[in-house]
Amino acid sequence: MRFHHFAIEVKDMETSIAFYQKFIGLQEEGRLSLNDEEIVFLANHDFRLELIAGGQKPNSHGVHICFEVDRFHELINTFHENGIYAIEGPFKLKNGWETVFYQGPDGELIEFLQPRIQSN
């Protein structure tokens with residue numbers, strides 16, 4: 001398991017992108033949408049920041065940490081076997097990523113992501 005990204009909600013996507021590019025040195029890595037939310041990834045070396053448009057929307061992902069995993073479905077099964085159920089997902093995104101969200105013991109939002117489906 002590896003760190004994949006940290007996510008924040010933003011009120012104005014383009015203003016936020018400009019800020020993080022100019023002052024933090026992040027570069028746009030890609031854009032996608034999930035459940036009608038606009039998402040932009042900014043990156044620099046091994047750090048990735050996810051910007052989610054429309055801060056404070058109901059049922060939004062909000063601030064969360066994401067871990068990249070190699071065995072996505074095994075992880076889901078392990079959580080399920082231990083009585084822990086996803087609060088959102090699993091989803092398969094248009095870019096081939098699979099993602100699922102769980103709530104940690106203190107209510108924190110944790111995303112697990114498999115960027116590319118592993119071939120057998």
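Strands here are DSSP runs of E with at least two residues, numbered from the N terminus. The model is predicted.

**Exercise 1.** Describe the largest cavity and state which strands supply its lining.

*Solution.* Step 1: the structure holds one cavity of 30 Å³ or more. The volume of the largest cavity is about 80 Å³. Step 2: its lining is made up of 13 residues, and those closest to the centre are Ile39, Phe41, Glu50, Leu93 and Glu111. Step 3: at least two lining residues come from each of strand 2 (27–34), strand 3 (37–44), strand 7 (98–103) and strand 8 (109–114). Step 4: sorted by class, the lining has eight nonpolar, three polar and two charged residues.

**Exercise 2.** Classify the ring pair of Phe19 and Phe23, and state whether each residue is buried, partly exposed or exposed.

*Solution.* Step 1: the structure holds eight aromatic pairs. In the pair of Phe19 and Phe23, the ring centres are 5.2 Å apart and the planes stand at 45°, so the pair is tilted. The angle falls in this class because stacked requires under 30 degrees and edge-to-face over 60. Step 2: both residues belong to helix 1 (residues 13–24), where they are four residues apart and thus separated by about one helical turn. Step 3: Phe19 has 39% relative accessibility and counts as partly exposed, while Phe23, with a relative accessible area of 55%, is exposed.

**Exercise 3.** Classify the ring pair of Phe79 and Tyr102, then locate the two residues in the chain.

*Solution.* Step 1: the ring centres of Phe79 and Tyr102 lie 4.3 Å apart with planes at 25°, so the pair is stacked. Step 2: this pair links distant parts of the chain, since Phe79 is in helix 2 (residues 72–81) and Tyr102 is in strand 7, 23 residues apart. Step 3: Phe79 counts as partly exposed at 21% relative accessibility, whereas Tyr102 counts as buried at 3%. The cut-off for buried is under 20%. Step 4: ring pairs join Phe79 and Tyr102 with Phe67 and Phe112 in a cluster.

**Exercise 4.** Describe the largest pocket and identify the strand that gives the largest share of its lining.

*Solution.* Step 1: the largest pocket contains about 220 Å³ of space. Among its 16 lining residues, His4, Glu29, Arg48, Trp97 and Pro115 are the closest to its centre. Step 2: strand 1 (2–10), strand 2 and strand 4 (47–53) each supply at least two lining residues. The largest share, four residues, comes from strand 2. Step 3: the lining of this pocket divides into six nonpolar, four polar and six charged residues.

Note on methods
Residues are numbered from 1 along each chain as its sequence is written. This is a predicted model: local features need pLDDT of at least 70, side-chain atom pairs count only at pLDDT 80 or more; totals for chains, interfaces and linings use all residues. Side-chain values use heavy atoms; hydrogens and water are left out. On a 1 Å grid over the protein atoms alone, a cavity is a set of points where a 1.4 Å probe fits but cannot get out, and a pocket is an open set with protein on both sides within 12 Å along at least five of seven lines; lining residues have an atom within 4 Å of a point. Grid points are joined across faces, edges and corners, and a volume is the space filled by probe spheres set on the points. Ala, Val, Leu, Ile, Met, Phe, Trp, Tyr, Cys and Pro count as nonpolar, Asp, Glu, Lys and Arg as charged, and the others, Gly among them, as polar. Rings of Phe, Tyr and Trp (its six-membered ring) pair if their centres lie within 6.5 Å; planes under 30 degrees apart count as stacked, over 60 as edge-to-face and the rest as tilted. Buried means under 20% relative accessible area, exposed over 50%, partly exposed in between (1.4 Å probe, protein chains only).
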